[in-house]
Amino acid sequence: MKRALICLLHFVLIISMIGCSNAKKKDIEPSGKFILNKGLNASHWLSQSEKRGEERDAYMTDKDFALISEMGFDHVRLPIDEMQMWTVDGEKIDAAFKLMHRAINSCIKHDLRVIVDLHVLRSHHFNAPNEEGRNANTLFNSKEAQEDFIQYWKDLSAELKKYPNRMVAYEPMNEAVAEDHEDWNKLINWVIAEIRKLEPERTVIMGSNMWQQPGTFPYLKIPENDTNIILSFHTYTPMPFTHYKAAWNPMRTYNGPVYYPGIIVDTNDLKGLDIAATNEILKSYGNYSRESLEKEIIPAIEVAKKNGLQLYCGEFGCYPTTPIEMRVQWYADMIAIFEKNDIAWAHWNYKNDFPVVDSNLNPISELVDVLVKKY
């Protein structure tokens, strides 16, 4: 009898503990909303890369996503390119889609939310305007290219709708560069309308025309009464500092010093520099500080507040050729601006041209510490 009573009490205790555990789990269970705070771009893998086969398979693995989570980030922006995901005839490329699913499942495993970002199209590249200013994109002049773009998102929805809304969001296109703001407004609202037919509650991330600059946000038309929208801007201000010696930039030939905060480049150091680099540097000439950086973002902040929507900086970063002490100061100022204005963000990027880890995947502590504030 005594033994039976002890067994009964033990059973009740176990049930009680399970109940408490479940209650606790329910209390901390994330809501159905897609919530993000600080993240990294997993770039140059399924986007902007010639890697294929085993090399591509090995570039981003579960180990990478585990490390991103361990460092203190809560989401990944995952750029993908049409050229990797679909053939010229619009057929899905199975190997690339499998890698995309592998990445998403790894992220979910490590409690990282994911933004699937259609980064580059055959008909649209954010760097298509060349140094003479001509726009080589055909997307905004071709109904066929636009219909293809819509179909890609129907394909993606069919593949991704099984994932919880709270874990996966869609960014229809990166850094639109349309000559007319209305051309972008029509296209982005069209694709969002098509996504809504398939997934009414999925979070969709949209930005303004001309590289998602904060200054063009007043021209952006946002779908009415859609609360599952996040507004996204990108910023690399001031470019002579954040892109110092970057090989793809016209300023690449400038080898003089840069400074932050303050006047980024002393005009006396421009003597003898080629015209293209000089003109590019002078476009951004000025005195930069935390206050001036925040002022530039205000148009995006105001549009987000007016519409009651989350604001997100999907890209910001500083090329590693900039002096580390100044780079850390710039990052500290950017993070302070984001926190002050309730702006979520994703650093560009994880381990490629603007890395937060070294070649052995060791976190660059000076950068990671300021980004996630592990003081």
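Buried means under 20% relative accessible area, exposed means over 50%, and partly exposed sits in between (1.4 Å probe, protein chains only). We're looking at a predicted model, where local features need pLDDT of at least 70, side-chain atom pairs count only at pLDDT 80 or more, and totals for chains, interfaces and linings use all residues. Residues are numbered from 1 along each chain as its sequence is written, and side-chain values use heavy atoms, with hydrogens and water left out.

**View A. Glu182 pairs up with Lys221 in a salt bridge (a side-chain nitrogen of Lys or Arg within 4 Å of a carboxyl oxygen of Asp or Glu).** Their closest N and O atoms are 3.1 Å apart. Glu182 sits in helix α7 (residues 181-198) and Lys221 in the loop between α8 (209-212) and β6 (229-234), so the contact ties together parts 39 residues apart in sequence. Helices (H or I, at least four residues) and strands (E, at least two) are DSSP runs, numbered from the N terminus. Glu182 is partly exposed at 28% relative accessible area, and Lys221 is partly exposed too, at 45%.

**View B. Glu339 meets Lys373 in a salt bridge.** Here the closest N and O atoms are 2.8 Å apart. The pair links distant parts of the chain, 34 residues apart: Glu339 belongs to helix α12 (residues 324-340), Lys373 to the segment after α13 (365-372). Glu339 comes out partly exposed at 46%, as does Lys373 at 38%.

**View C. Salt bridges with shared partners join Arg77, Asp117, Glu171 and Glu315 into one network.** Within it, Glu171 bridges to Arg77, with the closest N and O atoms 2.8 Å apart. Strand β4 (residues 168-171) holds Glu171 and strand β2 (residues 75-81) holds Arg77, so this pair ties together parts 94 residues apart in sequence. Both Glu171 and Arg77 are buried.
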